[in-house]
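Let's take a walk through this structure together. Have a look at it below, and then we'll go through it piece by piece.

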Amino acid sequence: MFKKFKNLKIFKSNNSWVELFRTYLVGAFNLVFGLSISYLFQFYILIFIPFPLRTYVTNIFGFSIGVVISYFISRKIIFQLNIFGGTFKEFFNFTLINLINLFGPLFLWFLINLINEKLQTDELWFLIITILINGVILPIKYLLYKFFVFKDSL
């Protein structure tokens with residue numbers, strides 16, 4: 001099954017538009033994975049922590065787990081590099097860039113909490129807002145990955 005996917009044009013080309021498309025594919029996977037982790041932390045694991053602190057802690061846990069997985073997937077899928085061929089500097093830069101994914105949503109959730117704190121306690125609104133936030137951040141991250149993080153490996 002994976003051989004069929006490997007033969008698709010989107011997995012063979014290194015065109016920037018194709019890489020951006022693969023960024024959204026990886027981003028979609030990361031989003032589903034991250035939402036699953038966030039949902040578990042937000043509504044089941046960290047229920048002893050009051051809102052809005054729970055949302056902030058949930059984002060930190062989701063970031064910590066997700067950044068490691070995302071690094072290896074981004075190397076392999078987006079830029080078609082050896083999955084384990086990176087350097088510590090590259091991983092450090094990747095983590096640094098991904099702080100956008102940590103502090104961007106935290107800041108936006110802080111603003112949302114000022115406007116309507118009930119949105120973060122509602123499961124549907126939590127999901128919708130998280131998807132919107134991450135969808136806007138992805139193209140920015142792709143450019144930073146390409147020209148800052150993985151530039152020496154490409």
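Start with Y71, F72, F79, F84, F91, F94, Y142, Y145 and F150, which form one aromatic cluster. Rings of Phe, Tyr and Trp (its six-membered ring) pair if their centres lie within 6.5 Å; planes under 30 degrees apart count as stacked, over 60 as edge-to-face and the rest as tilted. By that rule, there are 17 aromatic pairs. Take W109 and F126: their ring centres are 5.4 Å apart and their planes are at 25 degrees, so this pair is stacked. The pair links distant parts of the chain, with W109 in helix α4 and F126 in helix α5 (residues 123-149), 17 residues apart. Helices here are DSSP runs (H or I, at least four residues), numbered from the N terminus.

Before going on, keep in mind that this is a predicted model, where local features need pLDDT of at least 70 and side-chain atom pairs count only at pLDDT 80 or more, while totals for chains, interfaces and linings use all residues. Residues are numbered from 1 along each chain as its sequence is written, and side-chain values use heavy atoms, leaving out hydrogens and water.

Are W109 and F126 buried or exposed? Both are buried. Buried means under 20% relative accessible area, exposed over 50%, and partly exposed in between (1.4 Å probe, protein chains only). S74, in helix α3 (residues 53-78), is buried too, with a relative accessible area of 1%. S74 touches V26, F79, F94, Y145 and F150, not counting residues up to four places away in sequence; touching means heavy atoms within 4.5 Å.

Now for the charges. How many salt bridges does a search of the whole structure find? It finds two, a salt bridge being a side-chain nitrogen of Lys or Arg within 4 Å of a carboxyl oxygen of Asp or Glu. One joins E19 to K146, with the closest N and O atoms 2.6 Å apart. Here E19 sits in helix α2 (residues 16-45) and K146 in helix α5, 127 residues apart. E19 counts as buried at 3% relative accessibility, and K146 counts as buried at 14%. E90 and R75 also meet in a salt bridge (2.3 Å, N to O). E90 lies in helix α4 and R75 in helix α3, so the pair ties together parts that are 15 residues apart in sequence. E90 is buried at 4%, and R75 counts as buried at 2%.

Lastly, find L111 in helix α4 (residues 88-115). L111 counts as partly exposed, at 33% relative accessibility.

How values were computed:
Helices (H or I, at least four residues) and strands (E, at least two) are DSSP runs, numbered from the N terminus.
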